[in-house]
Amino acid sequence: MRRVNVVAAVLLAAGTITTPVSNAAPAAITETVYVESTTDSDADGVLDRIAADVMRPDTAERVPIVMEASPYYGLGAELASSTVPRGFKRWYDEYFVPRGYAVVEAEMQGTSRSTGCPTTGGPEDTASVRAVVDWLNGRAKAFYADGRPAVASWSTGNVGMLGVSYNGTLPNAAAAAGIPGVKTIVPIAAISSWYEYSRDQGIAYRGTHANNYPTYLANYVVSAAQKTRCQAVRDRLAREDGDETFDYTSFWKTRDYRQTAQNVSASVFVVHGQSDWNVKPSQFGRWWKELADRNVPRKIWLHRGGHLDPISFRQAEWQRVMWLWMDHWLKGVDNGIMREPMADVQKPDGSWEQHAAWPQPGTQDTTLYFGPASGGFAGSLTAAPGTGGTQRLGDNANLSESAMMANPEVSDSRRLVYVTAPLKQDARLSGEVRLTARVASNRPSTPLTALLVDYGPSTQAVLTDRSPLQLSTETCTRGDLRNRTGCARPPEVSVQAVTATLLTRGAIDAKNRSSLETSTPLPTNTTADVSWRLHARDALIPAGHRIGVVIVTNHGQYVATDTGANGISLTVSLGVSNVVLPIVGGAVIT
């Protein structure tokens, strides 16, 4: 146990009701404990021990906890000592400890100094978090490195969990498990369904997702000390992950936190990038709907970037809101945070707007039907179904996504494109898009991807992403925040002139058209309706622009190539195939 000084925090603007912060530099106590879990995930006959670093005010008063659990603490870190706290690289300790909070950094099982084996979203992940929360509430045992018991007598037991990427996924897992003591979570760029992190509807995403992804990630985060003894666990993950079909099996159901959303009693503050194609937008959109259906107290920030932490692009406001949020949910302070608008949405130019809810109030489903060539375009989108007919779609022959969207006036069997007439007024998209195509294919395995496109002259801001490891391990000192380095380093932004802007996308293998749990081969050369969901999106489509839908097979930049669909040729029926858009105010065209 060590005592250190933490720099006093600066008070927020006058009028904000918060926990007072002393102008003196208060002392803090730091220590490392090893918490006994309820699982023996490495099957060595000993319950897993979960390492946790603690920094807390040196006070006789009991304090609540801001906690970040992670599998990444041992990666890229100095490992010279197994006993001295070596974390606290984020801004949380310097910001929250002077405000009367303890900050706890918990190392997921099988990573860094914790024993056990990582299982990529499995119940063992949740058990490692539960162990630490239970210890903070007097329900679990913990020890110092020398074997002495460690008791969290200083803790109120009220825990707020936050983090980015995997570090934000563990809070989702904890809330969905209903762990007593977890009062609020702040999942940033976080996973709510590991199936949907690895696959779209019946088909794997490209790259490492197509081949034993849970094993790959478990091998990436496991500590050197545990790597050999966890080989059997990694082998089991490979056997059970269902790569043979990419169906939604029991393996993935246990890693789908939305399945137990009814257990959520914590409040939830969701943050996600609308251009995050690592942890894709369905992860927040479908989780948010489950929370809304159950009236969970919640807020959401949707920013224009990708896999990012808001400390890097909206620092002052993020810290203000987090202080109020934690004070309200962990200390019971009536500071007005829940009377502020529920949703903050960043516009393409970088500015922000606030809304009373998300999807925005007044959002209605608007159905547009696929139609034949019209007005100089290869296909049309109309408010009323047309008279019918078909169009043929073949293999996209490795078309890039930009080529798929380009030149919608040109017929091309490698992609089908359908566009509306120019919009007479702005249309606000807010929510999840759904699409149904009536197809007849010459292959029982038929991978389909749909792109929703804004056709019209515009500028598009492209922001650099950061890897999960960067987001978790970048230094976050006062100097970083002041000088915009480390965690506060702003993403690079490049602005491009475009005539077609991707709004969202989504894919399905038609064998899963009836169920993600069971594959049913598509009957060849017989029509069947295939319905699928695209990722959630909030966007303004200006008047004068056109809304477009592009359909392709085997989109190799997005999903894994299905070799069973080589030589594919199918027809899409017009007049019945359609897209359903969540539009604020309803109809966009008449």
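At what angle do the axes of helix α2 (residues 123-136) and helix α3 (residues 166-176) cross? The two axes come within 9 Å and cross at roughly 80°. Axes are lines fitted to C-alpha atoms, for helices over the stretch in contact, with angles running from 0 to 180 degrees between N-to-C directions. α2 and α3 are therefore roughly perpendicular to each other, a label given to angles of 65 to 115 degrees.

This is a predicted model, in which local features need pLDDT of at least 70 and side-chain atom pairs count only at pLDDT 80 or more, while totals for chains, interfaces and linings use all residues. Residues are numbered from 1 along each chain as its sequence is written, and side-chain values use heavy atoms, with hydrogens and water left out. Helices (H or I, at least four residues) and strands (E, at least two) are DSSP runs, numbered from the N terminus.

**Helix packing**

On the α2 side, Asp125, Thr126 and Val129 meet Tyr166, Leu170, Ala173 and Ala174 of α3, contact meaning heavy atoms within 4.5 Å. The residues of this contact divide into five nonpolar, one polar and one charged. In this division Ala, Val, Leu, Ile, Met, Phe, Trp, Tyr, Cys and Pro count as nonpolar, Asp, Glu, Lys and Arg as charged, and the others, Gly among them, as polar.

Helix α3 also takes part in the packing of α5: the buried residues of α5 pack against α3, α4 (194-198), α6 and α7 (250-253). Within α5, the residues Tyr213, Pro214, Thr215, Leu217, Ala218 and Val221 are buried. Buried means under 20% relative accessible area (1.4 Å probe, protein chains only).

**Disulfides**

The whole structure holds two disulfides, each a pair of cysteine sulfur atoms within 2.5 Å.

| Pair | S to S distance |
|---|---|
| Cys117 and Cys230 | 2.0 Å |
| Cys476 and Cys487 | 1.9 Å |

The link of Cys117 and Cys230 is left-handed, with -95° about the S-S bond. Cys117 lies in the loop between β5 (102-107) and α2, and Cys230 in the loop between α5 (213-221) and α6 (231-240), so this pair ties together parts that are 113 residues apart in sequence. Cys117 and Cys230 are buried.

For Cys476 and Cys487 the torsion about the S-S bond is about 70°, so this disulfide is right-handed. Cys476 lies in the loop between α11 (468-473) and α12 (478-483), and Cys487 in the loop between α12 and β22 (493-509), so the pair ties together parts that are 11 residues apart in sequence. Both Cys476 and Cys487 are buried. With the bonded cysteines of the chain numbered in sequence order, the pairing reads 1-2, 3-4.

How values were computed
Parallel < 35°, antiparallel > 145°, perpendicular 65-115°, else oblique. Buried < 20%, exposed > 50% of the residue type's maximum accessible area, 1.4 Å probe, protein only.
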